[in-house]
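Please read them beside the coordinates.

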Amino acid sequence: MPLTVLGIESSCDDTAAAVVTDDGRVLSSVVSGQTALHADFGGVVPEIAARAHAERLDLCVEAALEQAGVTLRDLDAIAVTAGPGLIGGVMAGVMLAKGLAAGTGLPLVGVNHLAGHALTPRLTDGIGFPYLMLLVSGGHCQFLRVSGPEAFTRLGGTIDDAPGEAFDKVAKLLGLPQPGGPAVEAEAAKGDPDAVSLPRPLLDRPGCDMSFSGLKTAVLRVRDQAVAAEGGLRESLRADICASFQAAVAEVLAEKTRRALAQADVPVVAVAGGVAANRTIRAALERVASDAGARFLAPPLALCTDNAAMIAWAGIERFRLGHRDGMDLAARPRWPLDQSAAPMLGAGKRGAKA
Ligand code: KG4
Ligand code: ZN
């Protein structure tokens, strides 16, 4: 009989529950997003998020169990995101998980949200250790060498904005809708990636650290110059800016991935996070992998962005190592995967969104 585990996720603006088995089957994965609730505020409002999680978590769990065709009695453990994240939301999930564990007698396993992302290629593709993971989302950007379910070495990351955050800010600057990534990508398809000269931050420095806030400032300057000179932004220039910005992000990510792969000395590079949906960026990373003779893996998008199946899976990996948590499991706003790495200045500025 395979292990069957319920996963619960509530660390940012998605309330999620899922049922996963240890032979890699996702029996259900329910995600209830909150984009509309935060739309008027230009970012995730922690109090609104926490309240929405508290209201929706049990409904998500109920739906996940029903869709999986199981009851609480069929489960072997309950896995829950215990950090890092917006503390009110993490607490709501941890409290529900503790209640369920206490009521059923099932073991409780606290999971690091970033470990959930980082271990996803093992759920989707069954790969072994070690491998390189590039996590690129709205709040995070880091290279991890993954050598075990609890063994992560951080090779580098952003020193300021995450790439998704940069896409979102550029979209805002250019009057495009949120989330900015898909909007900028669609616009970029109509533009010329060589039309506007933009910087390639930190490419001249060794190592795998990245920076994206200067790119956004450069876009602001180009926009303001156009507005001053022409009284507005021509549609064709807007498309050119998007294409040039996207090309700059892709080039930086590709070059830093090339270095991270050389340093990590692994046969596989995998990506996770919403930015991995970008076709130009994905193609650039695929080229880097094939040049290095490495396999490139991008899990299906629904398992790349925030979800609870990855939490259930990371819980399974920890459970198999014998890890169990008690009723003293704490919700942690910060929880670096690689405890030995120096904390990154400004990383995840938009909150603990990962
Ligand atoms: O992983 P995710 O769903 O949420 C977290 O940040 O946790 O990632 C969302 C981010 C947003 O910033 C969004 O603009 C970006 O991923 N994104 C994209 C694309 N689709 C989503 N960025 C670039 N190109 C895309 N096609
Ligand atoms: Zn995440």
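Which residues point one way from S2, and which the other way? Asp14, Ala16, Ala18 and Val20 point one way, while Thr15, Ala17, Val19 and Thr21 point the other way, and all are buried.

1. Basis. This is a predicted model, in which local features need pLDDT of at least 70, side-chain atom pairs count only at pLDDT 80 or more, and totals for chains, interfaces and linings use all residues. Residues are numbered from 1 along each chain as its sequence is written, chains are lettered from A and ligands numbered from 1 in the order in which they are written, and side-chain values use heavy atoms, with hydrogens and water left out.

2. Strand S2. In a regular strand the side chains alternate between the two faces of the sheet. Strand S2 (14-21) is mostly covered, with 8 of its 8 residues buried; buried means under 20% relative accessible area, exposed over 50%, partly exposed in between (1.4 Å probe, protein chains only). Helices (H or I, at least four residues) and strands (E, at least two) are DSSP runs, numbered from the N terminus.

3. Neighbours of S2. S1 and S2 pair in the antiparallel sense over 6 bridges, where pairing requires that DSSP finds at least two bridges between two strands. Val5 stands opposite Val20 in S2, and the hairpin of S1 and S2 has 4 residues between the strands. S2 is also joined to S3 by 7 bridges, again running antiparallel; Val19 has Ser28 as its bridge partner in S3. The S2-S3 hairpin likewise has 4 residues between its strands, and Gly24 in the turn has a positive phi of about 85°.

4. First sheet. The order of this open, mixed sheet of 5 strands is S3-S2-S1-S4-S5. Strand S3 (26-33) and strand S5 (108-112) stand at the edges with a single partner strand each, so one side of each is left without a neighbour in the sheet. S1 and strand S4 (residues 77-83) run parallel, joined by 4 bridges, and Gly7 has Ala79 as its bridge partner in S4. Helix H3 (residues 87-104) lies across S1, S4 and S5 at about 155° to S4; axes are lines fitted to C-alpha atoms, for helices over the stretch in contact, and angles run from 0 to 180 degrees between N-to-C directions.

5. Thr4. This residue lies in strand S1 (residues 4-9). Thr4 is buried, with a relative accessible area of 9%. Leaving aside residues up to four places away in sequence, Thr4 touches Val19, Val20, Thr21, Leu27, Asp74, Leu75, Asp76 and Ala77 (contact means heavy atoms within 4.5 Å).

6. Another 5 strands form an open sheet with mixed pairing, in the order S8-S7-S6-S9-S10. Strand S6 (residues 131-136) and strand S7 (residues 141-148) run antiparallel over 6 bridges, with Val136 opposite Cys141 in S7.

7. Domains. The protein is divided into domain 1 (4-119 + 303-320) and domain 2 (129-300), with bounds from an automatic or database domain assignment. Between them they bury about 1200 Å², 67% of it on carbon and sulfur atoms; buried area is the accessible area (1.4 Å probe) that two parts lose on being put together, summed over both. The count between the domains is 1 salt bridge, defined as a side-chain nitrogen of Lys or Arg within 4 Å of a carboxyl oxygen of Asp or Glu. Arg318 forms a salt bridge with Glu150, and the closest N and O atoms are 2.7 Å apart.
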